[in-house]
Amino acid sequence: MARTLALLNNKGGTGKTTTTLGLGAALARRRQRVLLIDLDSQRNLSAAFTLPEGYTGIGRALVDSLPLREAMVKVDKQLWVLGSTPALVDYEYQLSHEPGREFILREALAPLQGEFDFILLDCAPSLGTLTVNALTAADGFIVPMQAENFAFLGLDRILETADKAKRRMNPKLELEGILFVKLNPRTTFSRAVVQSLAKDPRTAGKVFHTYIRQDIALMECSAFQKSVFEYAPSSNGAHDYADLARELLQRTGDQSGKHNLEEK
């Protein structure tokens, strides 16, 4: 059965798409079968791949109840993508008027559960219909965030929304982890933010030990439609996402993972 993880933050520019791409590629390199799904009408994830001409994407599949398999594109030996189009914003509006709208994605993903090890859902920087669908469909969620002044405000709302989704629609939903991106652990403020979350009862034990350093290679690789491992295999970004994949697999039973927050 696939482990389905939503990557979300209601603030833009926090590294959701970069993490979906980097983590997905890292898991695929470890022989995991991975499906990436773009639930953002800005379609930054989709733009990182060459999709067929006339591609209709996940929006139409959900609205018209088409098998998601028909919209999947294989991009590597172990990696598939289910992309979006600019019309996703219109499809989301249509979905918001459907009965049982929160469960549409979960129902659509059910036939794919046995085909993948991980399904990663790249959510829009909002808590709209598709993001709620992601929380209803997911086993867990990852919050990429930066150690900055307003990070906690957005995190509070995410945790509140996830708690409601868990109570009302998806009892299995859990916080998989808080992932710090563009982190410089040597600054006093960054360390204070990390320590604060480590002590918060809602997030204690849920902060990934791995963190993602700022790296221009992570910004450039998607523009060239390559993973960071193909574009810059020796870069900090490649090492960091490889470490994140190991840590995630360790949490699910692979003992080869290592913790890195104290080591880098």
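A nonpolar core is a set of buried Ala, Val, Leu, Ile, Met, Phe, Trp, Tyr and Cys residues joined through side-chain atoms within 4.5 Å. In this predicted model, the largest such core holds 89 residues. Phe141 and Phe180 touch the most other members.

- Beyond four places in sequence, Phe180 touches Met145, Gln146, Ala147, Val193, Val194, Leu197, Val207, Tyr211 and Ile212.
- In soluble globular proteins, nonpolar side chains tend to be buried together.

**Asp38**
- Asp38 sits in strand 2, which spans residues 34-39.
- The Asp38 side chain has a polar contact of 2.7 Å with the side chain of Ser46.
- The Asp38 side chain also reaches the backbone nitrogen of Asp40, at 3.0 Å.
- Leaving out residues up to four places away in sequence, the residues that Asp38 touches include Ile58, Leu82, Leu88 and Asp122.

**Cysteines**
- A disulfide is a covalent bond between the sulfur atoms of two cysteines.
- With a cut-off of 2.5 Å between cysteine sulfur atoms, the count is 0 disulfides.
- Cys123 has 0% relative accessibility, so Cys123 counts as buried.
- Cys221 is buried too, because its relative accessible area is 7% and the limit is under 20%.

Definitions and conventions
Residues are numbered from 1 along each chain as its sequence is written. This is a predicted model: local features need pLDDT of at least 70, side-chain atom pairs count only at pLDDT 80 or more; totals for chains, interfaces and linings use all residues. Side-chain values use heavy atoms; hydrogens and water are left out. Helices (H or I, at least four residues) and strands (E, at least two) are DSSP runs, numbered from the N terminus. A polar contact is a pair of N or O atoms within 3.5 Å; within protein, one must be able to donate a hydrogen and the other to accept it, and residues adjacent in sequence count only if both atoms are side-chain atoms. Contact means heavy atoms within 4.5 Å. Buried means under 20% relative accessible area, exposed over 50%, partly exposed in between (1.4 Å probe, protein chains only).
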